[in-house]
Amino acid sequence: MIKLLSLVTLCVLISSCSSGVAFFLEKSESFPYEQIITDEQIEDLGFNKNQFCSNSEGGCISYFFAPPITSKKLGYSIEVDSGNRTSQVELAVQRGALANTYSGTIVLLHGFRVSKEFMINSALYFRFLGYEVVVPDLLGHGESGGAKKYGVGDSAVVSNLIDDLISKQTISGEKLYLLGSSMGALTAARVSSNREDIRGLILQAPMPQFDTAVYNYSRANHRLVGNLISEEQIRKGALLALENANIQLEDTRIEPLLVASDTPVLLFSSPADLVSPYDNFKALNDHTIKVIALADRNHASMAVIGQTEHQILQRWLVP
């Protein structure tokens, strides 16, 4: 695994900090998940791992599928570290206290440099409500092949996966929701913009425009690197990584996709999130886009459904 501090060395070796940033973005591996959950625990929780290969898009992705669960209660209390901030996310739900009976499918899409395993708690929450869940690794992440596509190129493969699961009657295709965390929020929005069967989007701390996201992330989580490499070089590195992937910077902006769509959106953000702060999205709040501010949540913790989100989701989801 390439460590972020090695970017400084890369700058010297290749005489370009922007090239070093691009190299890191392209080659960095997903964070290990074994300290938060094991493969055996995931299997015991009823998640089945599969692979889907898209003939039209030329990429194969790994994904979990799991049906609803019928337990009487669900709860967790999780500490999530991100940079110098620790956020506590708690959930305690009793089946008898649910506002409605729910059904349908939710596809959960993770963020940059994580993997499907980091979405397990949120997937469990929706299974408890009554949904079947699909949790893919995006391209170049986790166990999926291909080069990273930064939330843009992933959308076609994810859409093809959904079509394949519907055609095989693995999922019904009715009451189909997409949940996206950080970079996965962009993927979700792009999938939705090209489909007519998406009932709603649930977005957790959507990724800002890619060069801004990379700069914000470096400052929030790796201040030494952020201080040693200029903002200009970091942004140029992000643009170079996109160029190498044949992606335009404009394609990484989520706001135009949301504003142009009639699909209902529930967007969670936090003023404490230094990567994707609430101020980026509060102006989007309107009749189809509901923007919710969560207190004291760092960026990584936004991928976990907490008690506040649960109370809002119960009212927002269609029974």
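Which residues have the most contacts inside the largest nonpolar core? They are Leu25, Tyr150, Leu201, Leu203 and Leu258, in a core of 52 residues. The legends below start from the whole chain and then move to close-ups.

**Figure 1. Overview of the predicted protein chain.** This is a predicted model, in which local features need pLDDT of at least 70, side-chain atom pairs count only at pLDDT 80 or more, and totals for chains, interfaces and linings use all residues. Residues are numbered from 1 along each chain as its sequence is written, and side-chain values use heavy atoms, with hydrogens and water left out. The protein chain holds eleven helices and ten strands. Both are DSSP runs numbered from the N terminus: helices are H or I with at least four residues, strands are E with at least two. The radius of gyration is 19 Å, close to the 20 Å of the globule rule for 319 residues, so the chain is as compact as a globular protein of that length. That radius is taken over C-alpha atoms, and the rule is 2.2 Å times the number of residues to the power 0.38. The C-alpha trace spans about 60 × 45 × 40 Å along its principal axes. Of the 319 residues, 54% are buried. Buried means under 20% relative accessible area, exposed over 50%, and partly exposed in between (1.4 Å probe, protein chains only).

**Figure 2. Contacts, surface and charge in the protein chain.** Among contacts between residues at least 6 apart in sequence, 72% join residues at least 24 apart. A contact means heavy atoms within 4.5 Å. The accessible surface comes to about 14,000 Å², and 48% of it belongs to carbon and sulfur atoms. Areas come from the Shrake-Rupley method with a 1.4 Å probe; for residues, only the protein chains shown count as cover. There are 26 positive and 34 negative side chains, with the centres of the two sets 3 Å apart. Lys and Arg count as positive, Asp and Glu as negative; His and the chain ends are not counted. Each charge is placed at NZ of Lys, CZ of Arg, CG of Asp or CD of Glu.

**Figure 3. The nonpolar cores.** A nonpolar core is a set of buried Ala, Val, Leu, Ile, Met, Phe, Trp, Tyr and Cys residues joined through side-chain atoms within 4.5 Å. The largest has 52 residues. Helix α6 (residues 183–193) gives the largest share of this core, six residues. A second, separate core of 42 residues includes Ile120, Tyr131, Val135 and Ala205. In soluble globular proteins, nonpolar side chains tend to be buried together.

**Figure 4. Close-up of Leu203 and Leu267.** Leaving aside neighbours within four places in sequence, Leu203 contacts Gly180, Ala185, Ala188, Ile254, Leu258, Val265, Leu266, Leu267 and Phe268. Leu267 lies in strand β9. Leu267 is buried, at 0% relative accessible area. Beyond four places in sequence, Leu267 touches Leu203, Pro206, Leu258, Phe281, Leu284, Lys290, Val291 and Ile292. The C-alpha atoms of Leu267 and Ile292 are 6.1 Å apart, across 25 residues of chain.

**Figure 5. Helix α11 and its packing partners.** The helix runs over residues 307–316, with Glu309, His310, Ile312, Leu313, Gln314 and Trp316 buried. These buried residues pack against β4 (85–94), α4 (120–129), β7 (176–181), β8 (198–204), β9 (265–269) and β10 (289–293). Thr308 is also in α11. Thr308 is partly exposed, at 44% relative accessibility. The C-alpha atoms of Thr308 and Ile292 are separated by 9.7 Å, and the two residues are 16 apart along the chain.

**Figure 6. Val158 in helix α5.** Helix α5 covers residues 154–167 and holds Val158. Val158 is buried, at 1% relative accessibility. Not counting residues up to four places away in sequence, Val158 touches Leu109, Leu138, Thr187 and Val191. Val158 and Gly145 are 13 residues apart in sequence and 13 Å apart, C-alpha to C-alpha.

**Figure 7. Positive phi at Arg113 and Lys175.** Arg113 is not a glycine, yet has a positive phi of about 70°. Arg113 lies in the loop between β5 (104–109) and α4. Arg113 is buried, at 5% relative accessibility. Lys175 has a positive phi near 50°. Lys175 sits in the loop between α5 and β7. Lys175 is partly exposed, at 22% relative accessible area.
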